[in-house]
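The tour goes stop by stop.

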Amino acid sequence: MNEAPNRNRPAREVIAGDRRYVWHPFTQHGTEGEPTVIARAKAATLFDADGTEILDLVSSWWTCTHGHAHPKLNAALAKQAAEFEHVMFAGFTHAPAVDLAERLVRLLPGDLSRVFFSDDGSTSVEVALKIAYQYWINRGEPRRTLLLAFDGGYHGDTLGAMSVGRGSQMFKPFRDLMCQVLVLPYPATFEGDDAVEEREAGALSAFQALLAERGQSIAAMIIEPLLQGAGGMRVCRPSFLKRLVETAQAFGVIVIFDEVMTGFGRTGTLFALEQADVVPDLVCLSKGLTAGYMPMAVTVAREAIFEAFLGESFDRALPHGHSFTANPLACAVACASLDLFEEEKTLERIQAINLRHRELLAELQRRSDVTRPRVLGSIVAFDVKDIGAYQSDESRKLKAWYLAHGLNIRPLGSTLYLMPPYCITDEEMSRAYAGLIEGLDSLKR
Ligand SMILES: Cc1ncc(COP(=O)(O)O)c(C=O)c1O
């Protein structure tokens, strides 16, 4: 098979052009080495310009679900492109958007029944925060302005999303721009944790005390259900999440589930909320929504929230929208992705990945440098004693080692994790595990 670049431009030229003209995300250009030029991708594998294989073990920032360049997703995209690529979404609508909205509503529990489209995870969170804030104004309770979030949570990089993600400690330069957010303790747990109940009780009582003191001024609470992603793949138990949500809703606090990362199978169920058996008031979805093909997001609201925005005056309407709202190409791919979940029995595949992860865990637990192992759905994660904080020398070294050995594995601070696309084969998983461990050993040399 010809693994040559799919464009005529030689890789050297691409890199030179990149150096000269491009500003990359989350990148210190003063120290970062050369980027890898990707020429094509198939299933769980990326191919660089020389045809070298790289296993995409973080699903390209957690977006890719069924695998890269899936023929059915490609076909759905091409079919929609041949019909029309985009139309503004105020005063116009189209079948791909309505099909997708209807299907999402059927898959979500309770009366989560109104779908607001936006562009990416951050904007879906921004929309949720604005809906929650304006909801109380529309209801005649404008003193409900405070937002609650969790220590270690991450919700995106726009101003509102950064504010509720301040517990992740990522956004130091922007402190003064952020809106007021109260940060609650998050009872992260792991395999063999015997203090989890105590930690959960502490978190719940801190929450209850806050509600008793300031409940009437709290607009909304936001959480990544079951798993904080960027904060270091930190897991909490479904039973804790359930009690948290019930407590918040008893005080009328709007509960926002940020399922931008957890949605579409990552935690073993289509949505993480299923495991806690609760109905949040707003749900944010992106990343896996389009199987990683197109930037799109939705914020799904309960019907009662939508109704609070109805009236004769535009003042009650949500004054928010994006040029590419409900892009038909993205909607068509998202619908095709939902078909694949059924056709390819994707949730069963995820269960098989989970079982393999558990075997790996048994091996990891014998290592003295590994702590806090955890497995959830298609994700395995653990902390490594020898690695320092985010962007530490060791973590950069390790990332480079993995890449040089054909593995896209990126430490999150001292946390190592795998989150493969669901199409990963048994052989690829074995290769990933062997490389993961060899990389850890390389730190000691
Ligand atoms: C839970 C969560 N919310 C929101 C976001 C922001 O999404 P985006 O990067 O698409 O803006 C992310 C990104 O990683 C995320 O993990």
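## Stop 1: the ligand

Select serine 122 and the ligand. A polar atom in the side chain of serine 122 sits 2.6 Å from a ligand oxygen atom. The protein buries 84% of the 390 Å² that the ligand exposes when taken alone (accessible areas by the Shrake-Rupley method with a 1.4 Å probe; for residues, only the protein chains shown count as cover).

A word on the source: this is a predicted model, where local features need pLDDT of at least 70, side-chain atom pairs count only at pLDDT 80 or more, and totals for chains, interfaces and linings use all residues. Residues are numbered from 1 along each chain as its sequence is written, and side-chain values use heavy atoms, with hydrogens and water left out.

Next, lysine 287: one of its polar side-chain atoms lies 3.0 Å from a ligand oxygen atom.

## Stop 2: helix α8

Select residues 238–250, helix α8. (Helices are DSSP runs of H or I, at least four residues; strands are runs of E, at least two; both are numbered from the N terminus.) α8 has 13 residues and spans 18 Å from first C-alpha to last, close to the 18 Å expected at 1.5 Å a residue (1.5 Å times one less than the number of residues).

Which residues of α8 are buried? They are Phe240, Leu241, Leu244, Val245, Thr247 and Ala248 (buried: under 20% relative accessible area; exposed: over 50%; partly exposed: in between; 1.4 Å probe, protein chains only). Look down the axis: these buried residues fall within an arc of 165°, so they line one face of α8. The arc is taken from the directions from the helix axis to the C-beta atoms.

After α8 comes glycine 252, with a positive phi near 75°.

## Stop 3: two loop residues

Select histidine 320, in the loop between α10 (303–307) and α11 (328–343). Histidine 320 counts as buried because its relative accessibility is 19%. Its side chain makes a 2.9 Å polar contact with that of histidine 322.

Finish at threonine 93, in the loop between α3 (71–83) and α4 (95–107). Is threonine 93 buried or exposed? Threonine 93 is exposed, at 55% relative accessible area.

Note on methods:
A polar contact is a pair of N or O atoms within 3.5 Å; within protein, one must be able to donate a hydrogen and the other to accept it, and residues adjacent in sequence count only if both atoms are side-chain atoms.
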